[in-house]
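The structure comes first, then the notes.

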Amino acid sequence: MTDERPRAVRTDLHHRSPDPLTTVRNLGILAHVDAGKTTVTERFLYLTGATHKRGEVHDGTTVTDFDPQERDRGITIFAAAVSCVWAGHRINLIDTPGHVDFSDEVTRSLRVLDGAIAVFDAVAGVEPQSEAVWHEAVRCGVPRIAFVNKLDRAGADLDTAVASIRDRLRTVPLVTQLPIGREQHFTGVVDLPRMRSLVWGDDRGTFVEGPVPEELREEALRRRRLLEETVAELHPAALEEFCASSEVSADTLATALRDLTHSGEGLVVLCGSAYRDRGVEPLLDAVVAYLPSPRDVPAVRGTLDGAAQERAADPAAPFSALVFKVNSTATGRLTCLRVYSGTLRKGDTLLDMGARRTERIGRILRLQADRHEEIDLATAGDIVAVVGLKAARAGTTLCAPSAPLVLEPPRATDPVVSVAVEARGSLETDRLAAALGRLVEEDPSLVSRSDPETGQTVLSGMGELHLEVAVEKIRRDHGLEVGVGRPQVAYRETVARGVSGLVYRHVKQDGGAGQFAHVVLDVEPLELAPGSAGAFVFRSTVVGGRVPREYVRAVEAGCRDALAEGPLGGHPVTGLRVTLTDGATHVKDSSDLAFRTAGRLGLREALRAGAMALLEPVAEVTVTVPDEAVGGVLGDLAARRGGISGSTTRGGATVVDATVPLAELFGYATRLRSRTQGRATFTSRPAGYARVPAAVSRGLLTR
């Protein structure tokens, strides 16, 4: 085995496009945990010459998993940006986490990306978090290509993995490669568009290009024909050529695959084994050939005073950028941002649209995970970090003071698990508060608050591991000994039976102008989508001007205030419709404040008068267990109030799908290992909220 640079490195910068923006690719690598995202990233960096030695996850030597916790746990926790050059193209790449607890990192990254590589395990196919990040990429409109990884593993099968992509992701796979060899004998691929073989040797060096092996020629021709037919069904130019000559040329196929990738109508699928250095160079070529440049994506849309505006990806346009990550380091505060338009130079002054203040840029850095290269300027399409900003948070828009604009921030997810944290000594309380403030600044999916009843500091996040990592970060980075309470989930309350015609009169007279508001409310349950935590809908059917429009808005605001705490256990209320049916005003004493108070107190009284139900967060769980241990695992899931939704048998193991209350999953990994002697694994992802059974609800409310 050698770490000598392969001859296939393509960092040549000749044949530049006259438009530099067309040679930029901003992409992310998305996948389920352990599918090989970080290894793919490391091979990209090595093959492009950005690093001079292969980083390995199991050795803790990767560039992007630089945090001590990532190296200890062997998983990606924090999104890390790196940059490299391949075939004259600048590739800005973000390696994203694969564990469900860190999905908000993926969401923030997708908001600033133009394309993505979805990595799938050739044995497992589409896994739960693969599906979750895929749908998030669809929501963000990010074009994707796929890489089926780990073809050298026992049980690896490209066709099975592609079938799971087709069935579970509801997309049209366009398979452009045929593996040469199976499992441990996998040595290369047949490039179907150009009908050639690419074979890698055991020395992990460059590939050798040659003709299609004779024993695979018939199968390769069949698959090439299938690719042509599928593309012709989706692409007009390919269809025209196919009808005229009964085939599609390699150049037309390349153009069609690029167009279908950009539109999302098809998914280009490549394959290989990143760990064995097989199939990575063609994947880099596919990034350049098929994924869009900043010039290919629509102009970014923003708002100013409610009016929509667009900014084209033009270095000469007014500057606009979106912050997607903030890091507090030993050398200062790093603000990571995507430049959408304009040019940024060291010393420039920008307007922070979140804080409504101007700030000066100290330095501009090109990101290389935890290492940085200082550059003089950044232009439209760049992903960089800047030093000198004091107030910008993730989701903040930075723009030229003369051309303000607010860009849509990444979607935030409400935390579902909380723990109480406290400093071991009273003298360290202030240090803990400062550490929590920095932690929340870096990770917006964490929320820190003080419980008004107990006085405890409560830290909320996306899951048990998320909070465990956060607490360990406080201990390591700040040298604090922290006590942690038992995890608690975020319950909600909803209306099971509403009330009609509830009358509430708010009258207050204590000298001077008084307060008067009379409202009549109907409260009814709102039909919940499966897994949804519901919503709140307010409407008014008042006629004849009995309640003026400005007071109707005040009643709605008051009702929203009342949703903060429900009558069962003080949990937020959701899943209801409130209708203002009648009311009355006083010529002197009615006001916005009076009607807001009436709305708040009236809805509280209506909720107490109706019947309420408790909602709890649930998770979709996939357990892979040896056949002989299935019975015990099913019994344990039933004891945890899990609902089995299906099971399949695959290679001597059973895959069980279930929906389980999140509160019942604390400590499940340890329990599962002990029941199966460490042979079973499980994954989970949030599935919204479900109603708590009455018997369980009574037990929770009497604690």
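Cys243 is exposed, at a relative accessible area of 59% (exposed means over 50%, buried under 20%, partly exposed in between, with a 1.4 Å probe and protein chains only). The model is predicted: local features need pLDDT of at least 70 and side-chain atom pairs pLDDT 80 or more, while totals for chains, interfaces and linings use all residues. Residues are numbered from 1 along each chain as its sequence is written, and side-chain values use heavy atoms, without hydrogens and water.

**Cysteines**
- Cys140 counts as partly exposed, with 26% relative accessibility.
- The closest cysteine sulfur to that of Cys140 belongs to Cys336, 18 Å away, which is too far for a bond.
- The count of disulfides (pairs of cysteine sulfur atoms within 2.5 Å) is 0.

**Aromatic rings**
- The whole structure holds 3 aromatic pairs (rings of Phe, Tyr and Trp, the last by its six-membered ring, with centres within 6.5 Å).
- Tyr551 and Phe595 are stacked, because their ring centres are 4.7 Å apart and their planes lie at 15° (stacked is under 30 degrees, edge-to-face over 60, tilted the rest).
- This pair links distant parts of the chain, 44 residues apart: Tyr551 is in helix 12 (residues 549-562) and Phe595 in helix 13 (residues 592-609) (helices are DSSP runs of H or I, at least four residues, numbered from the N terminus).
- Both Tyr551 and Phe595 are buried.
- Arg144 has its charged end over the ring of Trp134, 4.3 Å from the ring centre (the rule asks for NZ of Lys or CZ of Arg within 6 Å of the centre and within 35 degrees of the ring normal).

**Helix packing**
- Helix 14 (residues 630-639) packs with helix 15 (residues 668-676) at about 150°, the axes being 10 Å apart (axes are lines fitted to C-alpha atoms over the stretch in contact, and angles run from 0 to 180 degrees between N-to-C directions).
- Helix 14 and helix 15 are therefore roughly antiparallel (over 145 degrees; under 35 is roughly parallel, 65 to 115 roughly perpendicular, the rest oblique).

Definitions and conventions: Helices (H or I, at least four residues) and strands (E, at least two) are DSSP runs, numbered from the N terminus.
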